[in-house]
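Thanks for asking me to look this one over.

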Amino acid sequence: MRTRLLPRRQVLELGLGAAALSLGGCATTGTGVNTSPTVPAAKGKVTLTYWSWLKDLQKVADLYSKVNPDVSVEVTWIPSSTQGGYQKLYSALAAGAGPDIGQVELRMIPEFILAGDLTDIARYGARSDESKFDKAAWSYVDIADGVYAIPQDTGPVATFYRTDVFEKVGAEPPTTWEEWADTARTIKGTLPGTYMDVFNVADGNMMATFCQQAGANWFVPEDDGSWTINLTDDACRTVASFWDEAIDDGLVNTAFGPFSSPWLSAMGDGTLASHTNGSWADALIEAVPGGSGKFRVAPMPRWDIGYGSSYSGGSTAAVMANSKHPKEAMDFVVWMHSTPEALDALIANCGIGWSPAADYVGASREKPSEFFSGQSYNTEVMVPMAKDQNLEWKWPPLCQQSINIIADGMRSKLTDGTTLVDSLAASQKQIVEAFVRRGLRAQEVSA
């Protein structure tokens, strides 16, 4: 296998260690043409290929060709992320093929960099477009000396709640997590069999979302190129202790996860009062039977520390390492994710999550929602949530493995009573071990 070397500063930022700096490290899969400083712009017509799990994305790509007739974009659907899409990308890139552009989740960008599979589009002027994008979303793609994707959508977190359930107990949407717990206890005592929300102990991503809001930084890149893994600081203990108590006191339903059939039924019959999650959850909540006019949206409750909101989910459009037309690919994905025409088309045809643009949420999302009780919740709630984020949060290489380790530990809350506080501490040690096994330098947070 031919190994693509990464710039030394980038290697240190990702913590690859000395082994990955050598030709024998074989830590990457990319064989790309983008090892030169830049690839010259094409002369004449160009066809770009784009692999994505967004439905009807071709309709949006065709709009670009109308205003840029020398560039056509051919979209190929792939399964979403870990459902097979990433493996398809990795395999194609390792064989020297693959698309010009691929859909990659925000949290997975460092993992694709580690594999050598992304083009640094800062070399093609990407930073001149930074002001067009949401600051938090941009922070996930701007790493060390490079920019490795363009944000496609995000998921600022808010609370979706049933107004009729809250009215029955005389409650207002909670503004703090302490108020959330008080309201949950009132609902439990007044409406037997009704829970404030669900809590999925198999979802390490959601635990990350809550900890991120509290100001935690699970993965801290150090100046020497190592990573400090920190799942046990005050912010993490605050969050884990809170959910330990919520589960122990029966304030949340742990029998099923969000958006499952049982969840839809419970939301429909009013035995779930609310759900806190990313902005994209609105479309799934609209599938709740008989739910129209019974829901509203409120800001995410706050901890005593940290930030007003957090992110759940989100994707990018990344220029792949084997692209022969990286400049044209970059220009296309910048246009697609920052211009009103393209964003409106992405919302209408593909149902993307929260717009990655700095100042445009989408024409359809500015309007009042009949389902959500006539509320213009995107402008009233989601815009402020998107602006109050933890910009220090970093995703690491081995992200998916780390999240899996955390989820495995959280499951023990129900299987043997291990607290979430203790499971995070155990996961911290396991993640460090996983990093070291891959030749990455990592250590637990200092006591």
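1. A definition to begin with: contact means heavy atoms within 4.5 Å. Helices (H or I, at least four residues) and strands (E, at least two) are DSSP runs, numbered from the N terminus. Please keep in mind that this is a predicted model, in which local features need pLDDT of at least 70 and side-chain atom pairs count only at pLDDT 80 or more, while totals for chains, interfaces and linings use all residues. Residues are numbered from 1 along each chain as its sequence is written, and side-chain values use heavy atoms, with hydrogens and water left out.

2. Let us start with helix H14, which spans residues 340–350. Its buried residues (buried means under 20% relative accessible area, exposed over 50%, partly exposed in between, with a 1.4 Å probe and protein chains only) are Ala-342, Leu-343, Ala-345, Leu-346, Ile-347, Asn-349 and Cys-350. Among the elements that cover these buried residues of H14 are H3 and H13.

3. How do two packed helices get described? By the angle between their axes and the distance between the axes. Axes here are lines fitted to C-alpha atoms, for helices over the stretch in contact, and angles run from 0 to 180 degrees between N-to-C directions. For helix H3 (residues 57–67) and helix H13 (residues 326–338), the axes come within 10 Å and cross at roughly 110 degrees. H3 is therefore roughly perpendicular to H13; angles under 35 degrees count as roughly parallel, over 145 as roughly antiparallel, 65 to 115 as roughly perpendicular and the rest as oblique. On the H3 side, the contact is made by Leu-57, Val-60, Ala-61, Leu-63 and Tyr-64, and on the H13 side by Asp-331, Phe-332, Trp-335 and Met-336. The residues of this contact divide into eight nonpolar, no polar and one charged.

4. Next, the salt bridges. A salt bridge is a side-chain nitrogen of Lys or Arg within 4 Å of a carboxyl oxygen of Asp or Glu, and by this rule the count comes to 14. One of them pairs Glu-245 with Arg-185, the closest N and O atoms being 2.9 Å apart. This pair links distant parts of the chain, with Glu-245 in helix H10 (residues 234–248) and Arg-185 in helix H8 (residues 177–190), 60 residues apart. Glu-245 is partly exposed at 43% relative accessibility, and Arg-185 is partly exposed at 33%.

5. Two salt bridges lie within single helices. In H10, Asp-234 and Arg-237 are three residues apart and so are separated by about one helical turn; their closest N and O atoms are 2.5 Å apart. Asp-234 is exposed at 52%, whereas Arg-237 is partly exposed at 38%. In helix H16 (residues 399–415), Asp-408 and Arg-411 are also three residues apart, about one turn of the helix, and their side chains meet in a salt bridge of 2.5 Å, N to O. Arg-411 is partly exposed at 36%. Salt bridges that share partners also join Arg-185, Glu-245 and Asp-249 into one network.

6. Is Thr-228 buried or exposed? Thr-228, found in strand S9 (residues 227–229), counts as buried at 12% relative accessibility. Its side chain makes a polar contact with the side chain of Glu-222 at 2.6 Å. A polar contact is a pair of N or O atoms within 3.5 Å; within protein, one must be able to donate a hydrogen and the other to accept it, and residues adjacent in sequence count only if both atoms are side-chain atoms. Leaving aside residues up to four places away in sequence, Thr-228 touches Trp-218, Phe-219, Val-220, Glu-222, Gln-443, Glu-444 and Val-445.

7. Finally, some backbone angles to look at. Most residues other than glycine have a negative phi. Ala-144, in the loop between strand S4 (142–143) and strand S5 (146–147), has a positive phi of about 55 degrees although it is not a glycine. Phe-259, in the loop between strand S10 (252–253) and helix H11 (261–269), has a positive phi near 75 degrees. Ala-144 is partly exposed at 21%, and Phe-259 is partly exposed at 25%.

Notes:
Nonpolar A, V, L, I, M, F, W, Y, C, P; charged D, E, K, R; others polar.
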